[in-house]
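User: Hello! Could you walk me through this model, one question at a time?

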Amino acid sequence: MGGFFNYLDTNKLLEQFALTLQLEFFDSERISQKSMVIDASTLENLEILETSHSNLNSVNVCLFENLDFCQTGSGRRNLRQWVSNPLIDPVQISERLDALENLHQEQKWKKSLRNSLKRLGDFER
């Protein structure tokens, strides 16, 4: 497959081909080297972001829906990015887990933060 794309690139046909098939090329600048890159097919097969079938109990079985307790649109988008491209750096994983543990232990502060976030609009849009 690499030879095919090389041929298209050499003959200046790659962009036209990509537009025709609506291909999205991997952008290494967009994703840090400290996160895993999961292709669309794998995300679908593992039901990371969407459930590919309906179940009898109408229960969401995709990972994202089970983790999503976000109060804002930007939080939801951030979680979606984290689930789609999980960390692989042990230091960053540990830091994120420590932050979550601290937040979980501070129930009063967590409730206040949650209520404040509910009132915020989607400031990224």
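User: Is Leu63 buried, exposed or partly exposed?

Analyst: Happy to start there, with two notes on the ground rules. This is a predicted model, in which local features need pLDDT of at least 70 and side-chain atom pairs count only at pLDDT 80 or more, while totals for chains, interfaces and linings use all residues. Residues are numbered from 1 along each chain as its sequence is written, and side-chain values use heavy atoms, with hydrogens and water left out. Buried means under 20% relative accessible area, exposed over 50%, and partly exposed in between, with a 1.4 Å probe and protein chains only; at 38% relative accessibility, Leu63 is therefore partly exposed.

User: Which residues does Leu63 touch, not counting those up to four places away in sequence?

Analyst: Leu63 has its place in helix α4, where helices are DSSP runs of H or I with at least four residues, strands are runs of E with at least two, and numbering starts from the N terminus. Contact means heavy atoms within 4.5 Å. With residues up to four places away set aside, Leu63 touches Glu47, Ile48 and Val83.

User: What is the phi of Glu47 near?

Analyst: Glu47 sits in the loop between α3 (40-45) and α4, and it is buried, with a relative accessible area of 11%. Most residues other than glycine have a negative phi. The phi of Glu47, by contrast, is positive, near 55 degrees.

User: How far apart are the closest N and O atoms of the salt bridge between Asp68 and Arg76?

Analyst: A salt bridge is a side-chain nitrogen of Lys or Arg within 4 Å of a carboxyl oxygen of Asp or Glu, and by this rule the count comes to 1. Asp68 is buried at 17% relative accessibility, whereas Arg76 is partly exposed at 34%. Their closest N and O atoms are separated by 2.7 Å.

User: What is the C-alpha to C-alpha distance between Cys70 and Arg114?

Analyst: Cys70 belongs to the loop between α4 (63-67) and α5. Leaving aside neighbours within four places, Cys70 is in contact with Gly75, Arg76 and Leu79. Arg114 is 44 residues away from Cys70 in sequence, yet their C-alpha atoms are separated by 8.7 Å.

User: Which residues form the nonpolar patch on the surface?

Analyst: Patches are made of residues with over 30% relative accessible area and no salt bridge, with like charges joined within 9 Å and nonpolar side chains (Val, Leu, Ile, Met, Phe, Trp, Tyr) within 5 Å. Leu97, in helix α6 (residues 90-105), counts as exposed at 53% relative accessibility. The patch has about 270 Å² of accessible area together, by the Shrake-Rupley method with a 1.4 Å probe and, for residues, only the protein chains shown as cover. Its members are Ile93, Leu97 and Leu100.

User: How many helices does the protein have?

Analyst: From the N terminus on, the elements run α-α-α-α-α-α-α. The protein has 0 strands, and its helices number 7.
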